[in-house]
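Colleague: I want to learn how to read charged pairs and pockets. Can you take me through them?

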Amino acid sequence: MEKKTDYAKFSDAVKSAFGDGNDLIRMDFDVAGRSASVFFIDGVIDKELCELNIFSPLKALSSLAYPYIDRLNAATRPTTAIKLNYSPEEAAQTVADGDIVLIIDGGEGAFVFSERKYPTRGIQEPPVSNVLRGPREGFVEDFKANCVMIRRRLRTPRLRFLNFKVGRLTNTVVSVAYISGVADKKIVDEICRRIKSIDIDGIVESSYVAAFLEDGGQSLFDRVGTSEKPDIVCAKMLEGRAAVIVDGSPVVLTLPFILLEHLQASEDYYVKSFRATLIRTIRIMALLIAVLLPASYVALQEFQYQMFPLKFLVTIMNSVYGIPLTPMFEMLLVLLIFEILSEASVRMPRYVGMALSVVGAIVLGETAVKAGLLSTPTILIISVSTIGLYCVPDEVNTGSVLRLIFVAVAGVLGLFGIILGGVILTAHLVDLRSYGTSYIAPFAPALPGDWNDAVFKAGVTELYERPYSIPTKNRKRLKRCGIRFPIKYIRGSSRYSRSFLR
């Protein structure tokens, strides 16, 4: 039996769903002698394309037989297939999503055309992921563009995108991307289950989703990977991880996640292995110095000053003479001042922020030393610590809090407090998990097969298997062909020639 739409009732219901909103556009006209209405949101569709492919063919249509959808498919030229909505509520939500809804008197429902054209930011290099060598494009706020950038690098039918709508008011599209046969399906299913269980009024950025995807309770450390570069996300997916793309956010999430990923950079895989190994070692040392140097200085100055070399001790005594604050409170004060300067320089306009950094770091510091409020070694140590912290940008937030905690503990318990804090921190890191993966793998548990891409970086031709830290259905990454090409130099009459013999 044919089910026909009550045109007037259906159209009024869609209109009333938006109330007195001014951005809803309603166009009334006739299609083959039947009353029709088109609904769309102003500014989110390509009007020229719609007029050419949809509106003009509809107005020129001379006959219309049931079912209407077959005739409309033949008469119009939409870029995507026409869909049907059978209720006014569903049609109103479709309009809110940015599509076009056509209602024809006597039709089998509301016909949906998709010709979206959102104003978006152009693809450019991410501001916090600059590289000297390698791809420079980064994700943007457009969901489709981000999916295309991943698809362009992973040109395989095994690449999957599972889409969900999250948020009662925002209806934000959240997509789980993975490579079938490489990613562990159990992990993918668990990620999808958690996304579907999110019941919140709105999702405006990927950080909202990350909060629901983290394992365990509260922690200073991120347990969900983030990236603004498609090449990094694709490389992680090739290792067996899943990516979570959130519409409206230029940051893509990756799972499972381990701490070692924050010490790696995409450029490590585009340069020689010995250079990558050196850079990773420097990053680890910089992070340790950033967190422990201020605390160690406070502990030695307050409790174990005899461990300072004699000449350095004399210099410190001359510098701290007359300082009204204890070493711990002096260090905490300088840390607080540096945090204020850092926050102000980020929030202020770019060029004003640069000037503020210079004034704060040089003028303010020098004035505080001359006034006898702060000592020179303290400012020097905090400066070195802050520079070391920004060698690992992804750990800036965690490192800033950790060095405050270690300074406070060192001011009370000395070196014993630093050692105790280190033991507690290590135990906490060992206890953390990300979808069954140890947070500090491949060191705890020890996975020697992954050490060639940990601190030490082996060449691409030596990475035969995917990391054992990440669960995967396909461990093999590089085929061992067993071919060698020894080089023999044959001396000619005027030059050396090179012959490659198998």
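Colleague: Is D268 buried or exposed?

Modeller: D268 is buried, with a relative accessible area of 1%. Buried means under 20% relative accessible area, exposed over 50%, partly exposed in between (1.4 Å probe, protein chains only). This is a predicted model, where local features need pLDDT of at least 70 and side-chain atom pairs pLDDT 80 or more, while totals for chains, interfaces and linings use all residues. Residues are numbered from 1 along each chain as its sequence is written, and side-chain values use heavy atoms, with hydrogens and water left out.

Colleague: Which side chain does D268 meet in a salt bridge?

Modeller: General idea: side chains of opposite charge can pair when their charged atoms come close. A salt bridge is a side-chain nitrogen of Lys or Arg within 4 Å of a carboxyl oxygen of Asp or Glu. Here D268 pairs with R283, at 3.1 Å from N to O. D268 lies in the loop between β10 (252-255) and α9 (273-302), and R283 lies in helix α9, so the pair ties together parts 15 residues apart in sequence. R283 also counts as buried, at 11% relative accessibility. Helices (H or I, at least four residues) and strands (E, at least two) are DSSP runs, numbered from the N terminus.

Colleague: What does R280 pair with?

Modeller: D453. Their closest N and O atoms are 3.0 Å apart in a salt bridge. R280 is in helix α9; D453 is in the loop between β12 (437-438) and β13 (487-491), 173 residues apart. R280 and D453 are buried.

Colleague: How many salt bridges does a search of the whole structure find?

Modeller: The search finds 23. Another example is R153 with E137, at 2.6 Å from N to O. R153 sits in helix α5 (143-153), and E137 in the loop between β5 (110-113) and α5, 16 residues apart. R153 is partly exposed at 28%, whereas E137 counts as buried at 19%.

Colleague: Now pockets. What is the volume of the second largest pocket?

Modeller: About 1000 Å³. On a 1 Å grid over the protein atoms alone, a pocket is an open set of points, where a 1.4 Å probe fits, with protein on both sides within 12 Å along at least five of seven lines; lining residues have an atom within 4 Å of a point. Grid points are joined across faces, edges and corners, and a volume is the space filled by probe spheres set on the points. Of its 33 lining residues, D97, D99, R116, K144 and V173 are the closest to the centre.

Colleague: Which element gives the most to that lining?

Modeller: β6, with three residues.
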